Amino acid sequence: MAVTLKDIAAMVGVSVNTVSRALKDKPDIGQKTCSRIKEAAAVLGYRPNLNARSLVLKKTFTIGILVTEPDNPVRIEFCERLRGYAANDNYRLLNISLSSDWQKNVEAVEDLLARRVDALVIGYLWGLISEQAIGPILQECRQEGIPVVVFGDPKTELADCIEIDFRDSAFQLTSHAIRRGCRDIALFVPPAEFARVEGYRQAMIEHGLDDHINVWPLHGSGFAGAAASLESYLDKFQKPPRCIIGFNDISAIGIISALKKHGYRVPEDCAVAGVDNISYGEHYDPSLTSIGFDNGYFAETVWNLLKKRMNKTETGPAKHLKLHQKLVIRQSC
């Protein structure tokens, strides 16, 4: 049987209330008594009943987090940073991966809510969330007072929202490539991507390169999909453009790998840049030019939004923050 507060109280010869307060380090319990109680708890192998605690406090101290590309280093780093901030406030994370099947994603969110998580973090989302399958759930969370933070490129008033300005990121990367003397610049992105395309087009047009605009479809954002996209590009044009801007760092590295396979030099024959500034990119050969931000800052921003909602210090309309990424110039472009 599980050891209870009553068992500890009987061993030490104090009341159950005294045991409870000592284990919570309440100042009204003497240091000597507190030490005896904790020693007894350790000897008996006492473990707090978190379910009972949750029932009393009406909190589970868990946060549900759902993210796309869970194997992408930028997501891994973000989740670990967020886990650290949550742990400092005695919360833990329950992680679930988002897929392209939004019916399954909705079921995943419903599962987390059934587990009575205290809040949700969802990303990467984009577009008008109210018109998507996740919209009714966010509406329900808002009505029930369950804090939600979404991030990516979303448009919503149903949850606190952190927009990563990928339009500006693509504009900065393209402008950098043009300053380096590149004119034939291709943007490799998934068909549904808009923000990066807009930033890329703006930079090309502002530099008088309207007739060089080249948006090429990316077959998935992973290494293999990016390499396959480069293969299809070479099949059509027989040679790479002077510069390729990848959808993210993973795709950029996949593209570089495929270029090397065909004997092309980076950046001499084709410069390549990515988005996210993952730590691995700095140590790749050649080191990857990218754009991103400190995931510690990003995770802290998300956590602070959640904390204010959970602590009821922020009760107003949904907040919308926009974060700008920083260009990191290395060898690849």
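## An aromatic cluster

Phe 78, Phe 151, Phe 293 and Phe 298 come together in one aromatic cluster. Rings of Phe, Tyr and Trp (its six-membered ring) pair if their centres lie within 6.5 Å; planes under 30 degrees apart are stacked, over 60 edge-to-face, and the rest tilted.

This is a predicted model: local features need pLDDT of at least 70, side-chain atom pairs count only at pLDDT 80 or more, and totals for chains, interfaces and linings use all residues. Residues are numbered from 1 along each chain as its sequence is written, and side-chain values use heavy atoms, leaving out hydrogens and water.

The structure holds 13 aromatic pairs. In one of them, the rings of Tyr 124 and Phe 166 have centres 5.7 Å apart and planes at 80°, so the pair is edge-to-face. Tyr 124 belongs to strand E3 (residues 119-128) and Phe 166 to helix H8 (residues 166-179), so this pair ties together parts 42 residues apart in sequence. Helices (H or I, at least four residues) and strands (E, at least two) are DSSP runs, numbered from the N terminus. Tyr 124 and Phe 166 are both buried, where buried means under 20% relative accessible area, exposed over 50%, and partly exposed in between (1.4 Å probe, protein chains only).

What about Phe 188 and Tyr 233: are they buried or exposed? Both are buried.

## Glu 140

Glu 140 has its place in helix H7. With 32% relative accessibility, Glu 140 counts as partly exposed.
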